[in-house]
Amino acid sequence: QTYPAKPIRIIVPWTAGGTADTRARIVAQRLSESLGQQVLADNRPGASGQIGTDLVAKAAPDGHTLLLATTAPNSTAPSLYSKLSYDPMKDFAPVSLIAFTFYVLSVNPAVPVKTIPELVKLARARPGELNFSSPGNGTPNHLSGEMLKTMAGIRMQHIPFKGSAQAIADVIGGQIPLNFENMAVVLPHVKAGKVRALGVTSAQRSPFLPEVLTIAESGYPAFEAVGWFGLMAQ
């Protein structure tokens, strides 16, 4: 009956400006209105989401420190790291699923490809020379690139960043040729012509980019990558 007794923090284990940050701020605003108490999004990025996630795992279990949980630190990390400072299954109580997301493979407009087969052909001609960025090691964005590498039999170098905003900025600036990025982050840049979309990782085409083929349609029928966002308590 006394909850919440003080302002609530939603720890976002990613940098500002990305999809997780946007989701957290939408939820925080609505919770503030419904609970009558201030709810704030608090960005604590680093280590592919593990720093912020660990912070919540060690917080007082009183419901005043929540986690904007995401795929990398809460789903894939146990498979990628031999030792974590938290237990994704035991240290958190799931509150609600917020959203699913998928990714867009896009390139800088200067890269001379317009389709996935053309990108694969270029990567085969230049093995190991093409870089792709992501918000961090073990993110669905990163693993999408690794899955394409495996399926297509190509070599590309992964460049991890601390968040989506930085990862896409270097593609726009031409420092990195391509990346896999959340639709919400990359769509404005596609529409503005700052990057060229080659394919989406969902099983069906996106209504936001209906002219862009799925990677499954582009010659890799088993390809699908989906991420999730949720709210968790300690």
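How many bridges join strand E5 to strand E6 (residues 157-160), and do the two strands run parallel or antiparallel? Four bridges join them, and the strands run parallel.

The model shown is predicted, so local features need pLDDT of at least 70 and side-chain atom pairs count only at pLDDT 80 or more, while totals for chains, interfaces and linings use all residues. Residues are numbered from 1 along each chain as its sequence is written, and side-chain values use heavy atoms, with hydrogens and water left out.

**View 1. Strands E5 and E6 with helix H5.** E5, H5 and E6 make a right-handed β-α-β unit. Right-handed means that, with the strands pointing away from the viewer, the path from the first strand over the helix to the second runs clockwise. Helices (H or I, at least four residues) and strands (E, at least two) are DSSP runs, numbered from the N terminus. Ser133 stands opposite Ile159 in E6.

**View 2. Strand E7 and its partners.** Two strands pair if DSSP finds at least two bridges between them. E7 pairs with E4 in the antiparallel sense over five bridges, and Val104 has Glu181 in E7 as its bridge partner. Two bridges join E7 to E5, and these strands run parallel. Here Phe132 has Leu178 in E7 as its bridge partner. Five of the five residues of E7 are buried, so the strand is largely enclosed by the rest of the structure. Buried means under 20% relative accessible area, exposed over 50%, and partly exposed in between (1.4 Å probe, protein chains only).

**View 3. The two aromatic pairs.** The structure holds two aromatic pairs. Rings of Phe, Tyr and Trp (its six-membered ring) pair if their centres lie within 6.5 Å; planes under 30 degrees apart count as stacked, over 60 as edge-to-face and the rest as tilted. Tyr86 and Phe92 form an edge-to-face pair, 6.1 Å centre to centre with 70° between the planes. Tyr86 is buried at a relative accessible area of 5%, and Phe92 is buried at 7%. Phe132 and Phe180 also form an edge-to-face pair, at 6.4 Å centre to centre and 80° between the planes. This pair links distant parts of the chain: Phe132 is in E5 (residues 131-134) and Phe180 is in E7, 48 residues apart. Relative accessibility is 0% for Phe132 and 0% for Phe180.

**View 4. The largest nonpolar core.** A nonpolar core is a set of buried Ala, Val, Leu, Ile, Met, Phe, Trp, Tyr and Cys residues joined through side-chain atoms within 4.5 Å. The largest one has 23 residues, and those with the most contacts inside it include Leu105, Leu148 and Phe180. E4, helix H4 (116-125), helix H5 (140-152) and E7 each give two or more residues to this core. H4 gives the most, with five residues. A second, separate core has 17 residues, among them Trp14, Val39, Ala72 and Ala233.

**View 5. Helix H7.** In H7 (residues 183-191), Met183, Val185, Val186, Leu187 and Val190 are buried. The buried residues of H7 pack against helix H1 (19-35), strand E4 (93-107), helix H6 (164-172), strand E7 (178-182) and strand E8 (196-200); contact means heavy atoms within 4.5 Å. H7 is followed by Gly193, whose phi is positive, near 80°.
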